[in-house]
Every structure is written in C-alpha cells, then in structure tokens.
Amino acid sequence: MTLRHKISLSILTIIVDVILTSTAVHVPTSSTSYVTYHSSSSPNAYNPFVNKQITKPNSSFYSPFFKAPAPVPSQMCPATALPPCSRSRYRTLDGSCNNLQNPLWGTANNRYGRLLTPRYGDGIQSPTTAVTGQELPNARLVSLIVFGENDVPDPQFTIANMQWGQIMTHDMSLTAGGTQSRKHATRCCTDDGKLIRNNMPQTCYPILVPKNDPAHSQTGTECMNFVRTQTDRDNNCAGIANNRPAEQITVVTSYMDLSMVYGNSEQQNRPIRAFTGGRMLVENRAGNEWPPQDPNATASCDVQTPQETCYLAGDMRVNQNPGLTIMQILLLREHNRIADNLQTINPQWDDETVFQEARRINIAQYQHISYYEWLPIFLGRENMLKNRLIYQTTAGSFVNDYNPNIDPSVLNSHATAAFRYFHSQIEGRLDLIAESRSRVGSLRLSDWFNRPVIVESGDNFDFLSRGMTTQPEELTDINFDVEIKHFLFRRGMPFGGDLRAIDIQRNRDHGLASYNDFREFCGIRRANSWEDFSDLISQRDIDNLRSLYVSHEDVDLTVGGSLEQHVNGALAGPTFLCILTEQFYRTRVGDRFFYERGDADIAFTREQLTEIRKASMARLFCDNGNNIEQMQPAAFLRISAENQLRQCNQLPQVDLSMWRDPSALPSYSSNFVAAQNAFPGYYPQFNVKK
Ligand code: HEM
Ligand SMILES: [Ca+2]
C-alpha cells in the first residue's frame, strides 16, 4: 500500500481551556411517570451525569459535570433582527424557533457544538495556548497499524442495528462540504473572516492549511456567506475578542426531526412533497412507491445517464449505500401510509394539516424507536435511565423534561469521533434473504455505493430488508470491514478510499481536543505516560500507538476512544460513552417538540402517546416493505428462540384511529368549544392555531 498523503501538520500540546467545573448537581434518585426536572431555579443543573469519578471501565457509569459555556455578551455583537417566532404546533423544516429564546439553536447551516476548545496545528486558538507540537502520523498509516480488518460477526445484533445508526447520523449532522469529500472539502473561516480551509482535491487529505500558507491571508467572500448565521455572528464576535477559531458548519438540523426525509428547508422540501393528501412525492413502479428521481442524477449518483435511478430525498446522502436507501424509503413510505390513514378518518383536513400531522407522528415513532429500542443497545439501558435519557413510563404518561437552556447542537466530538466508532459495525457483504430466511445471493457493498438502482430491481427491496434483519452486523471492535477500509467509493476501480483514515483525518481537520483531554473531561484519570492508558486500552494497542505517535498527548480522540474496553452493557468505552450520552441527553431535553412531552399546545394525548410507544423497527419493515410477511419483534436483534419470526399482523401496531379529529364529527363540531372545555385533556391538540 502506498502512502500517498504526506501530512504536514504539526500538533500542539496545549493547556486546554476546559469548559468544565466540578459543581455537583442534585439528581432525583427515582423516576416517576410524570417528571419535571431541571427546574428554572437551577439553570446550570442541566447535566445528567451523576458521578464524577471513574476508576474502571466496567463500573456502571460515571462522568463529569460541566457548566454551559458562559453566554456571549450580546453587546459584543451587532444586533441582528430576527423574524419573531410564531408559536406553531409544528416544527419548522430548518429547526428554527424550536427554542423560542434562541431560535437558531439546532438549525441547519449552523455550527457544531463543542465540549472542549479546539486544537489546531497552526496555532489559531486561545492566546494562552502553548505550542509545543509534534508531527502527527499519517492517518492512513494509523488506520493500517492500529485498526484491523477481521470479519467478526456480532453474536447479538443485525445489520439493521448498524443501518439505523447511519439513519440517525444523517438526521443529526453533515459537515458542510465535507462528507461528499470527493466533490469538496470542509471550508472554514477564522474569526476575522479569513479562509483557512478551501476546496481540496478528491480524497481531501491534509485539509488544514499550514500557518504560512497564502490561504491564511486570503479573505473569502464565499466563506463569509458560508458561516455567518446569527449564531455564528455571535460566536465569531466572541471569537474575535478572544482570538478563537471559527467553527465547522453542519448543514442539517441537529434535532431528530427526520430532516433526511423532509429536507432542511422549504426549498428542499418543496420538490419532494406531493401537495395533495398530505403526501410526500413518490413515483409508482411495479406496484410500489419510490422516491422521486434526482434531476441532478449524474452529479449525485454513479450513473451513466440522467435517467438511471438516483433518488431525491431530504438528505443528499440518500443514495450512498443500499441499506441506507432502504431505510430512507421505509420512512418515506411510512409518512404516506400515515397520511393516507389520517386523510381517510379526517376527510375534512386539508393537505397541509394531513402533511404536518403525518410528519409529526412519523417523527414521534422514529424518536421512540431511536430512544427506547435502539439507543439502549449502544448506551446501555441502565446508563440511559440513570442519566435520564429514557424513563420507566407507564402507558400514556408524559415526560416533561424540556429545558430551554440546553443547546441541542450536535457536538463536534460526537459527530467527528464518537459516533463514527460504529463504522466498525459495517458489514461488507449484503445477503439477499427470502421469506423462508434462506440466502438466495449476496452483494458486495463497494459495487453499490451511490447506485440505488440495485434496491429497486426484482425483489431486492424485500430480499435486502430481510437480509438486514437476518444477517449479523460486524462486531463493534477495532476491526473495520475491507469494503470500507480499502474499497470505499471505488466506483469500479480496483481500490477505493479508507473510511477509518478519513475519520482520523477529519478529527484533525475539525481540531478536536486530544484523546487525553477528553479522558480528563469525562472524569477519567488524565494519562501522564503511555502506561497510564492501560486502565482502558490493551498493551498491544498501546504499543501500536507508541510506534506511531511521538507523545501520548498526541493520540487523536477518534483513535484512542476506539481502543477502549467497552463499559458493561454498552457498545463503547468510557470516553465515547460520555460524549454519546451527553449528546443524546441534549438532543432529547433540548427539543421542545420531543414526543414524550405533555405540554398542552404541542402534546399528543395520552391515548395517542400510548399508541406511539408501540412503534417498532420490525413494524416499519412489515408495513413498508413491498411484501414482507414475517419479522422478528426485535429487528435490531438476531432471530433466536426468544426473538422468533412472527407474522407481521401479530406484531404491535400503532392505532391511528386515535387521531380521528373530534372537532369534525357533526355532533361535536357545532359546539366544539364547549366540548373542549368539558374534556380539556382530550381535545386541545386539534384546536391550536397553525
Ligand atoms: C455502510 C454504512 C456506512 C457508510 C458507507 C458510511 C460512510 C461515511 C462517510 C463516507 C462519511 C463521511 C466521511 C468524511 O468525509 O468525513 C461518514 C460520516 C459519518 N458517519 Fe458513516 N457510514 C456508514 C455508517 C455509519 C454508521 C452506522 C454510523 C453511526 C452509527 C455512522 C456515523 C457517521 C457520522 C457521525 C459521520 C459524520 C457526519 C457528519 O458529517 O457530521 N456512519 N460516513
Ligand atoms: Ca435533523
């Protein structure tokens, strides 16, 4: 293997400006079914973590407290007029006005959040930072030496488990210009608007421009347009005063709001919406619904002609791999299935009402599956309960834990390091499985990147869906499948890219603080020597690191975090688990529209919430496959004696008749206000002005 990319970065050893204190927060010890934590009387008491100390990775959970970064004094920035938020019952498409005090929190085209001050190799950072840097080892070399490529099937989980993770990722973040790196790379500005990173060639390796590069003194108008949202203006203002670097931009909404299905703006949503019956736009072929054709097919997919299948969805990554495309189609068809049901029981509803109500239910089901069926596998159920990411609820009970002081922005360390660890779960061989669950064939993943035509041909949609729920995913470990480690996006060429190497390089590009910094941040002992890593990392892995990095202080977060022994009951070691837990806490309590909330103007009724809680991955496959007859109840888990195949109609189903609008019934409509007053808990959701 040739090492093509000489990296000329130097690394800093810095005194990290840690945004944390060790203030203790009193945490209620028991969960009740109706909870209101994080009261406004203690605005800083928002962090869920309970204990600060950790000694062993297999202790249940631990993690630090930290305070929110001090708010930017507003007089430092030019006042910018924002359109006032209307108090809608529905989410906006771009995420604005979810937080009514900070209407741009979590919006598309906004910056990632940070837990720790960035570290860059060119010294653009806090003036207090010492620069004692070393050159970092080539990312591809680290990938080759530290990470393996063994094919180890997971004993418990299916490929669907991995695939849902990618779906959630695509809902939560997308580096501006970054992930489609063969087209362009990250662009970023310093505080005074200077472009420090510009378009990079195809594989986009040393993304960071060295300090003496002319790009540093080049003012980029493009760059100004790119990052200057309101939040950015605020932060960059603070940045100028504090000489802080500007931040990378993520182009999708941070909220778990199915932005990859509906788009991140009116502009993205319009071409994929049908504007009739509340439906999303689909094309009917062979008796089934498919996403519309991307008018830019030759740019978006690896196709020869514009007519070749290439889908248009709310997210540009929809065509990236067959499993992902199937998940996107399931969620798209689910919208239309819900819309059709709602329109049937509420014929008086107009297109907009059906669309918004169907979207709201689709998002709620998806949040439920993500928090109660999927995340416990990754973060551990006990850990989630303890840190209040989920609750032991009784049917129909609300959880009122919304906290407007929490910024739900996706953390850079989450998207660029911790969440990418699960690239380890990717399986490079996709089995085609018949209804009898016998294998009728297999695909090679790297033959089908950005070529969704495979999903639509013959019975592949169902074959691949059953494959995803039958075949084991790859074990979550240091091994990354060859199909993504040597053949990523190879487009018919003998070799392709290395996703693990890209992950490592992206970590540096985004200036994430080091593995050691994050250990300390997460309440783990800061290592003073290589041997100090041995509390969490095996001797063999430490030796590998040592052969590459000059100092233990230089180890990248992406690398060190991926080598830690997992916490019991979770699929990550303590450092990544700390970041992931923090992220999903913020994603939940920072979302005013989170589905379990009981607040009058946006809440589901108790009866509706009871139904939403029946949603499952299995049922999504059943209801939206072309013709899938059986599924195991827990589709993220492999079929077993405890998780046997069942007929689809035996699996729990969300009863949409709970959404019949009583205001439309003749006996009520004439006197709706009186009825509403008589049954305040039942009616209000249909009487809120849109
Ligand atoms: C076949 C499956 C997958 C493929 C081919 C894939 C590929 C990629 C690629 C090419 C990128 C962009 C890399 C860059 O330029 O920086 C990326 C980013 C990412 N991936 Fe994956 N991925 C897959 C599955 C997953 C899964 C299962 C997860 C997590 C559970 C995940 C999490 C992420 C995250 C968090 C990012 C960064 C998103 C951002 O830009 O903020 N991916 N992936
Ligand atoms: Ca989103």
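Strand β8 (residues 429–433) and strand β9 (residues 439–444) run in the antiparallel sense and are joined over five bridges, where two strands count as paired if DSSP finds at least two bridges between them. Helices and strands here are DSSP runs (H or I with at least four residues for helices, E with at least two for strands), and they are numbered from the N terminus. Within this pairing, Arg429 has Arg444 of β9 as its bridge partner.

Before going on, note that this is a predicted model, in which local features need pLDDT of at least 70 and side-chain atom pairs count only at pLDDT 80 or more, while totals for chains, interfaces and linings use all residues. Residues are numbered from 1 along each chain as its sequence is written, and chains are lettered from A and ligands numbered from 1 in the order in which they are written.

The hairpin of β8 and β9 has five residues between its strands, and Arg437 lies in that loop. Arg437 has a positive phi of about 70°, although it is not a glycine. Arg437 is partly exposed, because 14 other C-beta atoms lie within 10 Å; a residue is called buried if 20 or more other C-beta atoms lie within 10 Å of its own, exposed if 12 or fewer, and partly exposed in between, with the C-beta atoms placed from the backbone. Asn450, which sits in the loop between β9 and α12 (453–456), is likewise not a glycine and has a positive phi of about 55°. With 18 other C-beta atoms within 10 Å, Asn450 is partly exposed.

Is His423 buried or exposed? His423 is buried, because 22 other C-beta atoms lie within 10 Å. Leaving aside neighbours within four places in sequence, His423 is in contact with Phe480, Ile484, Leu499, Arg500 and Asp503, where contact requires that the two C-beta atoms, placed from the backbone, lie within 7 Å.

Leu499, Arg500 and Asp503 are among the buried residues of α15. In helix α15 (residues 499–509), eleven of the eleven residues are buried, so the helix is largely enclosed by the rest of the structure. These buried residues pack against α1 (139–146), α11, α14 (482–485) and α18 (557–563). Just after α15, Gly511 takes a positive phi of about 60°.

Another packing of helices involves α8 (residues 322–345) and α21 (residues 617–624), whose axes come within 9 Å and cross at roughly 75°. The two helices are therefore roughly perpendicular to each other, a description used for angles of 65 to 115 degrees. Leu330, Arg333, Glu334 and Arg337 of α8 make the contact with Leu620, Phe621, Asp623 and Asn624 of α21.

Seen as a whole, the protein chain contains 23 helices and twelve strands, and 54% of its 690 residues count as buried. Of the contacts in the protein chain with a separation of 6 or more, 73% are accounted for by residues 24 or more positions apart.

Key
Axes are lines fitted to C-alpha atoms, for helices over the stretch in contact, and angles run from 0 to 180 degrees between N-to-C directions. Angles under 35 degrees count as roughly parallel, over 145 as roughly antiparallel, 65 to 115 as roughly perpendicular and the rest as oblique.
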